[in-house]
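Work each task on the structure before reading its solution.

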Amino acid sequence: VMKTEKEKAAKGHPNGQNAPQSNRGEKCMAKFTSSNGSVYGSLTLDIRKAGDYSQPLPVVVRIAHEGKKCFLRLGEKYTMAEWIQLCEYEKTGRRVLLAERNELKDLMEKIKDLTNQLIEEGSFSIRKLQDRYQGKMDEDSVTIYTIWDDYIQEKRAEEAFGTASVGKDTRNRFIKDNGRGVKFSDINFDFVQGWVKKMQDDKKSTSYIGINLRTFRTMVNIAIKKGYVKGNTEEMFKDSGYNQMESRKDKFLEVEVFQQLYEFWEKGEAKDENGKELFIPRDKNALFRDLGLFLFMYFANGQNLADTLRLEYDNWYFSSQGKQLRFQRHKTKKRNKNGSEVIFPVTPEIQKIIDRFGNEPKLGERVFPILSKSKTPEQEGGVIQRYNKSIRKQMKKVAEILKLKQTPTSTWARHSFATNLNNAGVPREYIKSSMAHSTSNDVTSKYIGAYPLPKMQEYNSYLLKVPQTVNSTEDLLKILKGMSEEERAALLAEVSK
């Protein structure tokens, strides 16, 4: 595919013979400067051995440091004519060959990260960068920190940006508490207990400590596997609390609170007791947009924000005539492809949120105009983090306006979905499958929907209302009055069978 696109870009210039010739020199697509400003990198062609510019030349990242240079090859080749055109597209911001350009820039970013890692370790040199880039590493230079850095890079390469981010945050905490001089021989039971005490003294929560310890345990296991640390993590982390998490059972809002939130969102007004607007238009729009996203996550089977922002109008949506949406849980799809699919009904509440803030339904279009498809996976992660923070901030304002006893964050949508349906008596299997928690490998389930649309709509309606109970004739009449003529007719037909 890449070769075909190159040929298209160079159309009219076979072998570059008719292409305009550039001066002998380097044409850069992108550049970077290291974190300390001493190393410079540029994405260019290696022309050192070029006799004829019509021949394909290797793409490299040219590194300059204290008068020395090296050229790290990226595995691609272009003629000079092709390269000039590619650089011009980059310069003008045109979308032509955008994926190809982004791929090359991503490779350069990895070299930039390697450069900054070596600088952070205090051991940068051109030679060490070349060795690290080629996967070589002197045994003396391997530390728990380099293992940690390699792990973060590996997760980024796998597009597991959430895991990479947690790894980086934990590494920073580890350095803050223990410094940069921890040796493999220092890592044992007493060291782990000592770090736990430092975090406890700093008033960190059980969950926070557990997350840090689990990440550190992964690094230690890698070091044990490579032969740098002796022993086993079962003994080292015994009684450390690495597998403890604080209960999240109280992190949910009751149905009545969601009724209040939805009515506030539907009205779309935020005024004080004198009728004065509480926010300027821009801030008001952000408040109701983020509240709408929070409500959508709750109504849409307890989605997390990443799945909401990636949600698309796919074939399933159109084949169901806009009555259902489908997605693969981003968090689990690589681990359990069959069990990560979620299909949920487009309830009236969901439709209103889409009508107010969503895109027009087009095949392949994302439902919400927030996460552009042109962004790289790492850039997507940044947008998702930013909106998570924004929702937290806006929900705090909403809680103050409505005088709520609790201040929810985006994660509460998922816990609330499960808790409220469970309390409404909805079957556990429905809740489980709706949240992609099902572990069934039954082949039949791949072809037969577990729950028909009417049942989905019935169960999900309990997210905004308390199920009615029939204890008397009066209760029954109240329920019948609340039904449409079609629903009453269907009920009587069922009774007469």
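**Exercise 1. Are Arg 173 and Asp 177 buried or exposed, and how do their side chains meet?**

Step 1. Arg 173 and Asp 177 are both buried; buried means under 20% relative accessible area, exposed over 50%, and partly exposed in between (1.4 Å probe, protein chains only).

Step 2. Their side chains form a salt bridge with an N to O distance of 2.9 Å. A salt bridge is a side-chain nitrogen of Lys or Arg within 4 Å of a carboxyl oxygen of Asp or Glu.

Step 3. Both residues belong to helix H6 (residues 161-178), where they sit four residues apart, about one turn of the helix. Helices (H or I, at least four residues) and strands (E, at least two) are DSSP runs, numbered from the N terminus. An α-helix has 3.6 residues a turn, so residues three or four places apart point the same way.

A note on the model: it is predicted, so local features need pLDDT of at least 70 and side-chain atom pairs count only at pLDDT 80 or more, while totals for chains, interfaces and linings use all residues. Residues are numbered from 1 along each chain as its sequence is written, and side-chain values use heavy atoms, with hydrogens and water left out.

**Exercise 2. Find the salt-bridge partner of Asp 201 and state how exposed Asp 201 is.**

Step 1. The partner is Lys 197, with the closest N and O atoms 3.0 Å apart.

Step 2. Asp 201 has a relative accessible area of 51%, so Asp 201 counts as exposed.

Step 3. Elsewhere, salt bridges that share partners join Glu 120, Asp 149, Arg 171 and Arg 180 into one network.

**Exercise 3. Which helices does the salt bridge between Glu 90 and Arg 101 link?**

Step 1. The N to O distance between the side chains of Glu 90 and Arg 101 is 2.9 Å.

Step 2. Glu 90 is in helix H2 (residues 80-92) and Arg 101 in helix H3, eleven residues apart, and the pair links distant parts of the chain.

Step 3. Arg 101 counts as buried because its relative accessibility is 2%.

Step 4. A search of the whole structure gives 20 salt bridges.

**Exercise 4. Which residues does Gln 117 touch, leaving out those up to four places away in sequence?**

Step 1. Gln 117 is located in helix H3. With a relative accessible area of 8%, Gln 117 is buried.

Step 2. With that exclusion, the residues touched are Arg 132, Asp 149, Asp 150 and Gln 153; contact means heavy atoms within 4.5 Å.

Step 3. Arg 132 is also one of the buried residues of helix H4 (residues 126-133), together with Ile 126, Leu 129, Gln 130 and Asp 131.

Step 4. The cover over the buried residues of H4 includes strand S3 (57-65), strand S4 (68-78), H3 and helix H5 (144-157).

**Exercise 5. Describe the protein chain as a whole, using its elements, burial and contacts.**

Step 1. The protein chain has 20 helices and six strands.

Step 2. Of its 497 residues, 43% are buried.

Step 3. Taking contacts between residues at least 6 apart in sequence, 60% join residues at least 24 apart.
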